Structure formats: C-alpha cells, structure tokens
Amino acid sequence: MQKIIIIGAGIVGLSSAYYLSKKGHHVTVIDKGSIKDSCSFGNAGMIVPSHFIPLAAPGMISQGFRWMFNSSSPFYVKPSLSSGLPSWGIKFLRKANKKHVAESAEPLRNISLLSKKLYEGLYSNPSLDFDLTKNGILAYYKTEAAAEEELHLALKAKELGLDIAILNSDECKALQPKLDLDVLGAAHYRCDAHLDPAKLMELLTRHLEKQGVEILRNLEVTGIEHSGKNITAIYTGATKWNADQYVLAAGAWSPSLAKMLNLNLSLMPGKGYSFMEDEPEQRMTIPALLCEARVAITPMNGQLRFGGTMEIAKINNKINMNRVQGILESVPKYFPGLAPKLPNTDKIWYGFRPSSPDGLPYIGYSSSTDNLVIATGHGMMGLSLGPATGLLVSQLLDQEKTEIEISSFHPDR
C-alpha cells in the first residue's frame with residue numbers, strides 16, 4: 001500500500017482516487033476550492049467518443065482568426081504577452097495540421113471508449129446514480145458547409161468503428177416530435193452518452209469519503225519540496241504533507257504548480273459558460289450540439305443546460321455577458337420553440353478548461369520527476385475522459401501495463 005496525494009478534486013482527481021483506493025492505497029485529495037466550483041460541475045455532461053478531432057485542427061486557424069476579434073464568438077483568443085500564451089500559440093499553430101489530426105484520432109477514440117465503458121461500470125453501483133443516458137448526441141447543422149463537414153467526420157467515425165448516422169430534417173424531427181426544428185439535418189453520434197455532472201461529482205465525493213479517501217477542501221498548495229527527481233513534501237501554507245507518490249490533476253491551475261518543480265507544462269485556461277433553464281415539457285431528450293454556433297444543450301432533470309464558448313485567456317472572474325448573449329441568440333435559430341432568457345450573473349456558471357496546445361491530455365510521468373504522475377490538459381473533454389484517466393493513473397502508479405497505449409499523451413511531448 002502506498003500513500004498517495006492527489007492535487008485537484010475535479011473529475012480526473014476523484015476518478016484517480018476511486019481506482020487507487022480500490023487497490024488499497026491510502027489516498028488524500030487536496031483542492032484549492034470547495035470542489036463545487038470546478039469545471040466538472042458546470043459542464044454539458046457529455047461523454048463523447050465522437051470527439052476524436054483535437055482542438056488543434058487545420059480549420060481552427062482560419063476560423064480562430066475570424067472569431068478572435070468578436071467578443072460573442074464561440075472561440076476567442078485574448079491577446080496577451082504573459083501567462084504562456086505566445087509559446088502556447090506557437091505550439092498550437094505547429095500542430096494544427098492534417099497529420100496531427102490523423103495521428104490523434106485513434107488515441108482519442110481509445111481513451112474515450114475506455115472512459116464510456118468505465119462510466120457504465122460506475123453507474124452499476126447503486127450509490128452512483130448520476131443519470132447516465134445512452135441515447136447519443138445530435139450534432140445539428142443549418143448550412144451546406146457544416147453538413148459537408150459533418151459527413152466527412154461521420155465517414156471517419158465509421159472507419160474508427162464508431163456508431164453514427166447522418167439524418168435529414170424529417171428524421172431529426174421523428175426522434176423528438178415535440179421539438180420544433182429548423183435545421184438541414186444532423187449527425188447522430190449514437191456512440192455518445194450524457195449524465196448529470198453535478199450528481200456525479202456529489203455522489204462520487206460521498207462514495208470516496210465513505211471508502212476512507214480523505215478529501216480536503218479550500219487548501220491551496222503553496223510550495224513543493226523536492227530532492228533530485230523526487231518530491232519529498234508539499235505545503236499548504238505552514239502545513240506539510242508527505243506521500244510516496246503524487247498526482248497533479250489541478251486542471252487549469254496545473255502549470256503554476258508544475259513551475260514549483262521547474263516543469264514547463266504548456267496549458268492555457270479555456271473559459272466556458274453555462275446556465276440552466278426549466279423545461280417542464282421536456283421536449284428535448286437527446287443532447288444537442290449546434291455545429292455552426294459551437295453551443296451545447298443537454299437535458300438534465302427537467303431542465304436544459306446551455307453551454308459554450310472557448311475563451312483562451314488568463315484565469316479571471318469576469319463574466320462576459322456578450323459571450324452568454326451569443327449562446328442565447330444561437331438557440332432559436334435551430335429550435336424556434338426554445339428561447340432561453342438572459343440569466344442574472346449569479347445564475348451563470350463559468351469554468352476554466354485546461355487546454356493543451358495540441359488538444360491532447362497530459363497523462364504520465366514527467367522524465368524530470370520520478371514520483372509525480374501528471375493528469376491534466378483534457379480541454380473540453382475532462383468529464384468525458386475522467387474515469388479512463390483515473391484508471392490509467394492508478395496503473396501507472398502501480399507500474400502496471402496501462403489499459404491502452406498512452407504515448408501520445410506523454411507530458412514531455
């Protein structure tokens with residue numbers, strides 16, 4: 001049995017704690033916040049094997065330049081000479097090519113399918129009823145250009161063995177007859193699923209604490225002591241913590257912690273927004289992705305969660321209402337019967353997705369540290385890839401063969 005400290009209590013940190021505690025290790029999770037303010041609570045709740053195209057893709061360069069000057073656009077890069085943005089941007093541009101997309105498809109598919117399988121296993125536990133629903137996700141499009149792009153993605157998805165169908169407008173309407181639609185069609189990613197992320201996090205936290213995992217809230221790691229290639233202790237203020245092994249799963253805050261070990265972890269926070277609105281008629285039963293608008297809508301317990309935008313910038317607590325307005329205005333264009341109202345700022349959730357420049361997560365040991373596993377950089381797929389990452393972390397710490405090949409996710413790449 002090893003003593004293990006996990007820094008970060010998002011879905012990646014808690015999933016790591018789950019599989020490590022199952023193996024009998026003594027696990028402590030330390031988080032700088034209340035946990036409920038993490039990205040894992042306010043996201044769209046989607047499990048997406050369909051997302052095998054990384055953020056660093058050729059189309060994002062031209063599209064990104066067009067969007068970045070529009071404050072309500074889906075993807076916005078706020079120019080800055082600090083916080084690692086210039087070097088991140090250079091790496092992003094280098095990776096935004098067809099070769100990188102092709103090389104990333106299978107690794108992303110494999111980790112996504114593993115994670116979906118693990119979610120199904122977690123859901124079989126009666127104490128973890130987080131509303132897992134496996135009716136896929138519909139990626140709706142309104143334009144011929146988006147239709148062509150989705151068809152291309154669908155063909156690639158089928159090559160990868162994923163279950164997908166291209167639907168026309170009438171076929172879309174037949175799936176959800178109560179829902180007014182104004183679309184050309186949709187790609188139905190039947191391989192995908194969704195859940196209630198807040199329920200998942202609350203139930204998983206409760207389950208872990210019952211199993212003896214110590215979860216410490218509102219404790220910020222302020223120092224890391226190391227000797228040679230080993231971490232010897234971490235500090236939260238004046239309090240010293242020791243362990244045999246450590247896991248860095250602090251999401252968008254991971255780079256500042258890595259710097260304490262002289263590690264340069266290339267990550268930028270991708271800020272996203274979401275809000276809830278009651279939908280008593282429950283006209284939508286299958287989550288939606290609005291292709292041109294880059295907006296996600298997920299049915300959750302009699303409500304709809306609307307979410308979107310990716311703002312690459314420094315971590316900040318400002319709510320950009322223009323970006324929320326952009327989400328709102330896109331919805332009726334696809335669903336004339338849905339007209340969400342602009343919520344008060346206290347009803348708007350925002351979180352920071354840890355975005356690597358090549359769109360792949362960091363999972364593994366850094367070559368400069370022998371007792372630290374890095375598990376971050378999942379971008380918009382943190383919830384989707386959480387369980388798989390947690391299992392892989394546990395296998396790495398126990399020096400076991402990993403469930404899937406993970407060289408594409410190496411932190412030193």
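## Helices on the sheet

Helix α11 (residues 382–397) lies across β1, β13, β19 and β20 and runs at about 10 degrees to β19. Helices (H or I, at least four residues) and strands (E, at least two) are DSSP runs numbered from the N terminus. The model is predicted: local features need pLDDT of at least 70 and side-chain atom pairs count only at pLDDT 80 or more, while totals for chains, interfaces and linings use all residues. Residues are numbered from 1 along each chain as its sequence is written, and side-chain values use heavy atoms, with hydrogens and water left out.

## The sheet

An open sheet is formed by 6 strands in the order β9-β2-β1-β13-β20-β19, with mixed pairing; two strands pair if DSSP finds at least two bridges between them. At the edges are β9 (214–216) and β19 (362–365), each of which pairs on one side only. On average, and with direction ignored, neighbouring strands of this sheet are turned by 15 degrees against each other. Helix α1 (residues 11–22) packs on the sheet and touches β1, β2 (26–30), β9 and β20 (372–376); contact means heavy atoms within 4.5 Å. The direction of α1 makes about 165 degrees with that of β1. Axes are lines fitted to C-alpha atoms, for helices over the stretch in contact, and angles run from 0 to 180 degrees between N-to-C directions.

Strand β1 (residues 3–7) pairs with β13 (residues 245–248) in the parallel sense over 4 bridges. Its pairing with β2 is also parallel, over 5 bridges. I7 has L248 as its bridge partner in β13 and stands opposite I30 in β2. Of the 5 residues of β2, 4 are buried (under 20% relative accessible area; exposed is over 50%, partly exposed in between, with a 1.4 Å probe and protein chains only).

## Cavity and pocket

A search of the whole structure finds 1 cavity of 30 Å³ or more. On a 1 Å grid over the protein atoms alone, a cavity is a set of points where a 1.4 Å probe fits but cannot get out; a pocket is an open set with protein on both sides within 12 Å along at least five of seven lines, and lining residues have an atom within 4 Å of a point. The largest cavity holds about 30 Å³ of space, where a volume is the space filled by probe spheres set on the points, and grid points are joined across faces, edges and corners. I11, S15, Y18, Y19, L122, L204 and P387 line the largest cavity. The most comes from α1, with 4 residues. By class, this lining has 6 nonpolar, 1 polar and no charged residues. Ala, Val, Leu, Ile, Met, Phe, Trp, Tyr, Cys and Pro count as nonpolar, Asp, Glu, Lys and Arg as charged, and the others, Gly among them, as polar.

The second largest pocket contains about 410 Å³ of space. Its lining has 20 residues, of which D358, Y362, P411, D412 and R413 lie nearest the centre. Both α4 (85–95) and α5 (98–123) supply at least two residues each to this lining, which divides into 7 nonpolar, 6 polar and 7 charged residues.

## Positive phi outside glycine

N262, in the loop between α9 (254–259) and β14 (268–278), has a positive phi of about 60 degrees although it is not a glycine. N262 counts as exposed, at 68% relative accessibility.

Q399 lies in the segment after α11. Its phi is near 55 degrees, again a positive value in a residue other than glycine. Q399 is exposed, with a relative accessible area of 75%.
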